Amino acid sequence: MILTVGNIKGGVGKTTLAVNIAIVRASAGCDVLLVDGDEQRTAQTFTELRATLRGEPGYTAVSLHGSALRTQVRQMATKYDEIVIDVGGRDTGSLRAALTVSHVVVIPVQPRSFDIWAVDNVAELIREARDINPELRALIILNAADAQGRDNDDAATALREVVGLEVLDLSIGRRKAFPNAAAAGRAVTEYTPKDAKAIEELMALVATVYREGIA
Ligand SMILES: Nc1ncnc2c1ncn2[C@@H]1O[C@H](COP(=O)(O)OP(=O)(O)OP(=O)(O)O)[C@@H](O)[C@H]1O
Ligand SMILES: [Mg+2]
């Protein structure tokens, strides 16, 4: 399955979720390719850090951009069990290319108004990508959600109005374990002290996306 973690909004947790998902799938025994479609190379930098601190990262990582991303991902699709694509936080050729070759796009959205408004523009990109890739599924996950208050419910309600996207009945909280683990070249599942909630939320996302036949 080819999965993109994408949004045109920056800093919403795309790279965080992409690397955590890639590591969880690799740990489950899948041969994973992590494609860094962001010119800032954050996923690649994470992988280099991981290799330095831990040795073999456990997955293959490449940087690909624009139309090369599309053609090479298509070519490599048969060689890997899973491809996870991370893109930058803007409307780029790489994001558009990724949407045309993916089975699923996971869209992290923070439950705050500017982030929610940006989803209309993501929905437009997804509509365009479906002209070429009609089976593309688009799943919104609330990320860096606050533990308390009505913001999450209000955000989910607003997001359900956007046509063509599915809002997952899951959220990932704002948890220090994500940046702490990343700074150590790890997924939250590999990091101690263990944050059981962070692990549970990540595993619930992976289970929903991969095991319930969304692809
Ligand atoms: N669930 C979370 N809890 C706490 N911090 C988080 C969470 N998700 C992401 N972050 C933090 O938010 C910051 C932005 O995350 P990240 O780099 O993954 O976003 P991005 O969407 O890839 O950004 P960009 O658009 O720049 O590529 C990072 O410091 C990351 O550690
Ligand atoms: Mg990023």
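1. The largest pocket has a lining of 28 residues, and those nearest its centre are Gly11, Val12, Gly13, Lys14 and Thr16. A pocket here is an open set of points on a 1 Å grid over the protein atoms alone, where a 1.4 Å probe fits, with protein on both sides within 12 Å along at least five of seven lines; lining residues have an atom within 4 Å of a point.

2. The model is predicted: local features need pLDDT of at least 70, side-chain atom pairs count only at pLDDT 80 or more, and totals for chains, interfaces and linings use all residues. Residues are numbered from 1 along each chain as its sequence is written, ligands are numbered from 1 in the order in which they are written, and side-chain values use heavy atoms, without hydrogens and water.

3. Helix 1 contributes 5 residues to the lining of the largest pocket, the most of any element. Helices are DSSP runs (H or I, at least four residues), numbered from the N terminus.

4. Ligand 1 sits in the largest pocket, meaning that more than half of its atoms lie within 2 Å of the grid points. Around ligand 1 there are 17 residues, with Lys14, Thr15, Thr16, Gly173 and Arg175 nearest; a residue counts as near if one of its heavy atoms lies within 4 Å.

5. Backbone atoms also approach ligand 1. Oxygen atoms of the ligand lie 3.0 Å from a polar backbone atom of Val12 and 2.9 Å from a backbone N or O atom of Thr15. A nitrogen atom of ligand 1 is 2.9 Å from a polar backbone atom of Arg175.

Terms used
A polar contact is a pair of N or O atoms within 3.5 Å; within protein, one must be able to donate a hydrogen and the other to accept it, and residues adjacent in sequence count only if both atoms are side-chain atoms. Helices (H or I, at least four residues) and strands (E, at least two) are DSSP runs, numbered from the N terminus.
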